[in-house]
Amino acid sequence: MLRLEEVTVRFGERAALDAVDLEVAEHEIVCVLGPSGSGKSTLLRVVAGLLRADAGRVLLAGRDQAQVPTHRRGVGLMFQDHQLFPQRDVGGNVAFGLRMRGTARAETERRVGELLDLVGLPGAEKRLVGALSGGEQQRVALARALAPEPRLLMLDEPLGQLDRSLRERLVVELRALFGRLGTTVLAVTHDQGEAFALADRVVVMRDGRVAQAGTPLEVWQRPASEFVARFLGFENVVPATVRGTSAETVWGRLPVPAGARQGEGCLLVRPAGVRLVPAGEGLPCTVAGRTFRGITSWCGCGRRAAPRRSWRLRVRCGGS
Amino acid sequence: MVLARPEVAPRDAAAPQGGGPRRTATRLGLMALPLAFFGVFFAYPVASIVGRGLKDDGQWQFARVGEVITDPRIGHVLWFTTWQAAASTGLTLLLALPGAYVLARFDFPGKRLLRAVVTVPFVLPTVVVGSAFLALLGHGGLLDELWGVRLDTTVWAILLAHVFFNYAVVVRTVGGLWAQLDPRQEEAARVLGAGRFAAWRRVTLPALVPAIAAAALMVFLFTFTSFGVIQILGGPRYATLEVEIYQQTAQLLDLPTAAVLTLVQFAAVAALLGVHARTVRRREATLHLVDAAGTARRPRGAAEWTLLGSVLAVVALLVVVPLLVLVLRSFDGPDGYGLTYYRALASAGENGGTFVVAPLEAIGNSLAYGLAATTIAVVVGGLAAAALTRREGRLVRGFDALLMLPLGTSAVTVGFGFLISLDEPPLDLRTSWILVPLAQALVGVPFVVRTMLPVLRAVDARLREAAAVLGASPLRAWREVDLPLVGRALAVAAGFAFAVSLGEFGATVFIARPDSPTLPVAVARLLGRPGEMNYGQAMALSTILMLVCAVALLVLERVRTDRTGEF
C-alpha cells in the first residue's frame, strides 16, 4: 500500500529523515515509535504531501506521489492537536472531506451520523467544537479523518492528550475498529504501550533513521540496540564481554543463553530475571533504594565496585 | 538578583515551508494587482510630478535640490515640521499611556463606550479636527468667550489637536498589547521579590517597548505629514512640509520647489517606515500573549481610582469637549440656537458663490466616493494581505513597507500628480469620477492590510493542511478555512477604509471637481471664506461628517475582533 524508498528530508543542515525505508501493507497497522525529534511527524507530513522529500520516493499503491498534491493523495491524517475547524460544528467538521469529494447531501448526512455513532458521539452533529472536551475532540477528529474512507489513515500521537484510563480504553477500541473496517493505518507515537497495543508492526526511529522494525513481540523480546532497549524502558543495560555462556560485566559474571553473540557488546538484564537472595549467595551487592511502582516495587542495587550510578541494577522485588 | 525576563515563546517555527515554484507563482499572482495599482496610481503620478519639477528641457536640474534645501525659509519649515511632530508625539505618549493602562487592565462600567469615544477623533477628517479646535480655542471660541484666552495663534492649538487626533493610536496599539500580556508574569516577578514598580519596569515595560515605539512612530508619521490641521490652525506663521508643498503647488505654482520638498518628505518617511517595520516585526515574533478578556479587573484602592478618574478627565477635556463645542457651534446661529446653518447648507445661492451646488450635496458625493474607494481598497488591500500572510522572504518585506508609503507621502503631491499624469490616453481619467475614489483608496489600502494581516497570520497553517488532507485544493482550503475566520476582520477593514476615505483631504482637494465636492473639501472651502455664515455652516457640515464617521465607527466596535490589529 505505502512504500518509502530512501526518503530524506533536511531542515537546513539537520536531516529530519535520513534515507528511511518503510513499507505498510494493505489492512496493516504500523506504529512508528520514537522520542520527540526523531522525525516521526516529518514522516507523516512527507507521506501526506505537506512536506517535500529532498531525496527518495513515496509510493502509494505502487504510484510515485512526487507530483501529486496533498488533496489528491487520498490519505487521511489525524493531527496531533486535532485541528478541528473552529467555525464549524461537529457535523460540519466530519462532513468536510465528504463535501470536498462532492458526496450528495443525504448520503453525507447519513455517513456523518454513522461515524459519530462509531466514535461514540451519537447525535453530536450540532455541537460546537469549542465546547468539546479533549477526548471528544479526539473522537471528532478521528471521525473526520475516517469519513472520506482514506486508503491510508495516518495518526499523529492519536491519544497523546488524553488521560491514562481513557487512553488505554481507546487503544483497544481503535484496534478493534480498524480491524473491523479493514483500514490501513500508519500511526506515530512516543508511547511504547500505545504502540504495542495498537500495532501489527512497530518501527522504532532514532534521529531520522529506522533503529528497528518488527512485530511488537520481536521488538520487545530482542531490542536491536542499546538505544531501543533503553527507549522501551529497560535500564539494566551495561557493556559486557561475552565468552561462551557467561558474560563479564560491572556486576560480575552473569550467565547468558547459549548461542549469544561472542565478544564485546551490550548486555540487557530484565528486572524479572533477577532475584534478591540473602547475603552471601549470588552476586554481592547493596540495596541502594526502593521505588514503589504499583503492583511491584523496584529495588536499585549497587555494587561498590560499579563506578557509574547508571550501572545500578534494577530488580523487581515484589510487594514487600 | 536578576528577575525573570518576559517569557519568550517563539511561534512554533511552523514546519519550514517548501517554497516551491508554484507557491512563489501564486504569491506573485496575488501581488500583481496591488503592484499594478500602486505603480499606476501612486508611483507614476508621484514620479511624474517630481520629474516635471526637476526637469527643464529634458535636463535634470539637480542644482534645484541644493537651492531649495538651503533656502532659510524652507529650513524653517523643515525645522518646524520636525519639532512639532516630536513634541506632538511626546505629548500624546504622555497623555495616552495612562489611558492605555486603564483600558487594558481595569474593568469598569462604560469601558466600551470610553474605547469608542477615544477612537472617534482618529477616524475624523483632519479638517474637522482643525475646525473643532478652532471652535474651542480660536477667535470667538469657547475659551475666548469664557476667559479671553485664544490659542489659535500659538503652536499649542496644533499640538493639542494632534494629541486629540492620535490619542487612539497609542491607546489602541499599546493598550491592545498590554491587555494581552499575561499578568502572571508580573506576579511571578513580585513573588521573586520585586516591588510593584520594579516588576512593571523589569517585566511589563520591556514587553511594551516595541509597541510604544511602533505607536510613537505612527504618531510621528501622522503629525510629520499633517496637513488639514495645520492648514486650518497654523495660520500664516506655521507650516509643515505638506502645507508648504500645497502652497508651492497650488498657490505659487512653483513646481520645482514642490518636487524637492516632496522628495525630502518621501525620504524622511521611508526612513521612519523602515524603523517602524522593524519594531512591528520584533513585537510579533517574541511575545507570549493571552486572551485580553481575562486580564482586566476592578480598580482597587484610592490610587487606582484616582488614576482612572484622571484618565477620564483628560479624555473629557481633550476629546469630548472639542467635539461638543463643534456641535454647539453648529447650532449657535445669529438668532440664537437653531438650525439656521443646517438650512443654509441646503441651498447653493446663499453661499456667495463658494459653491456651484448646495453644500449638502457633498454628503451624497462623499458617501458615493467613499463606497467606491472602500471597494477598491478592500480588493487591493485584501489581495496584498493574502500575499503577505506568510512572512518569509525579502520580497515580501519590501512589499510590506511599500504598502505603507502612501500614508506618509504628500497627499497633495499625489492629488496634483493625478491631475498632470493621468490626463492622456490610455489613462485619461481627468474628467472621470473614479479619480477621487482611486486617490482615497491609496490611503485606505494600508489600513486594510494592517487590519487583515494579523488575523490572516493568526490562522493556523495546519488548519489549511487539515483541509488539504481531507481533499480541499489550495483555493478551496482558503475559501473554507481562511475566509470564514477573517470575515469579521474584513468588515472592520472595510469600515476603516470607508472612514479614512471620507476624511481624505490633501489629494481630494485637488481632484474633486468644483460641482461635486466631498465633505472635507466643502468644510475647508467654507472655512476659507470670511463671515459668520460660512463659519457656522462649516461647523454644521463638520458635525454631519463627524456623525457619519462616528456611526461607521460604532458599527466597527460591534464587529471588532479582540485582536487589535496595528491601529
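**Note on a predicted two-chain model**

1. In strand β8(A), the bridge partner of Leu153(A) is Val185(A). Helices (H or I, at least four residues) and strands (E, at least two) are DSSP runs, numbered from the N terminus. Residues are numbered from 1 along each chain as its sequence is written, while chains are lettered from A and ligands numbered from 1 in the order in which they are written. This is a predicted model, in which local features need pLDDT of at least 70 and side-chain atom pairs count only at pLDDT 80 or more, whereas totals for chains, interfaces and linings use all residues.

2. Strand β7 (residues 152–156) of chain A pairs with strand β8 (residues 185–189) of chain A in the parallel sense over 4 bridges, where two strands count as paired if DSSP finds at least two bridges between them. A further bridge to β8(A) joins Met154(A) to Leu186(A). β7(A) also pairs with β6(A), again in the parallel sense and over 4 bridges, and here the bridge partner of Met78(A) in β7(A) is Leu155(A).

3. As for burial, β7(A) is mostly covered, with 5 of its 5 residues buried; a residue is buried if 20 or more other C-beta atoms, placed from the backbone, lie within 10 Å of its own, exposed if 12 or fewer, and partly exposed in between. In a regular strand the side chains alternate between the two faces of the sheet. In β7(A), Leu152(A), Met154(A) and Asp156(A) point one way, Leu153(A) and Leu155(A) point the other way, and all are buried.

4. These strands belong to an open sheet of 6 strands in chain A, which has the order β6-β7-β8-β3-β9-β10 and mixed pairing. Because β6 (75–78) and β10 (209–214) of chain A stand at the edges with a single partner strand each, one side of each is left without a neighbour in the sheet. With direction ignored, neighbouring strands of this sheet are turned by 20 degrees against each other on average; axes are lines fitted to C-alpha atoms, for helices over the stretch in contact, and angles run from 0 to 180 degrees between N-to-C directions.

5. Chain A also holds an open sheet of 4 strands, in the order β13-β12-β11-β14 and with antiparallel pairing. Its edge strands are β13 (252–255) and β14 (263–268) of chain A, each of which pairs on one side only, and its neighbouring strands are turned by 40 degrees against each other on average, direction ignored. Within this sheet, strand β11 (residues 237–243) and strand β12 (residues 246–249) of chain A pair in the antiparallel sense over 3 bridges, and Arg243(A) has Ser246(A) in β12(A) as its bridge partner.

6. Chain A comes to 8 helices and 17 strands, and 38% of its 320 residues count as buried. Chain B has 23 helices and 6 strands, and buried residues make up 48% of its 567 residues. Among contacts with a separation of 6 or more, residues 24 or more positions apart account for 59% in chain A and for 81% in chain B, where two residues are in contact if their C-beta atoms, placed from the backbone, lie within 7 Å.

7. Val414(B) counts as buried because 25 other C-beta atoms lie within 10 Å. Leaving aside its neighbours within four places in sequence, Val414(B) is in contact with Phe42(B), Pro45(B), Val46(B), Thr409(B), Ala439(B), Leu442(B) and Ala507(B). The C-alpha atoms of Val414(B) and Ile511(B), which are 97 residues apart along the chain, are separated by 9.9 Å.

8. Also in chain B, the axes of helix α5 (residues 126–137) and helix α22 (residues 519–527) come within 9 Å and cross at roughly 35 degrees. The contact is made by Val127(B), Val128(B) and Ser131(B) of α5(B) and by Pro520(B), Val523(B), Ala524(B) and Leu527(B) of α22(B).

9. Between the chains, the contact takes 19 residues from chain B and 20 residues from chain A. On the side of chain B that touches chain A, the elements that give two or more residues are α19 (461–469) and α20 (474–503) of chain B, and the largest share, 6 residues, comes from α19(B).
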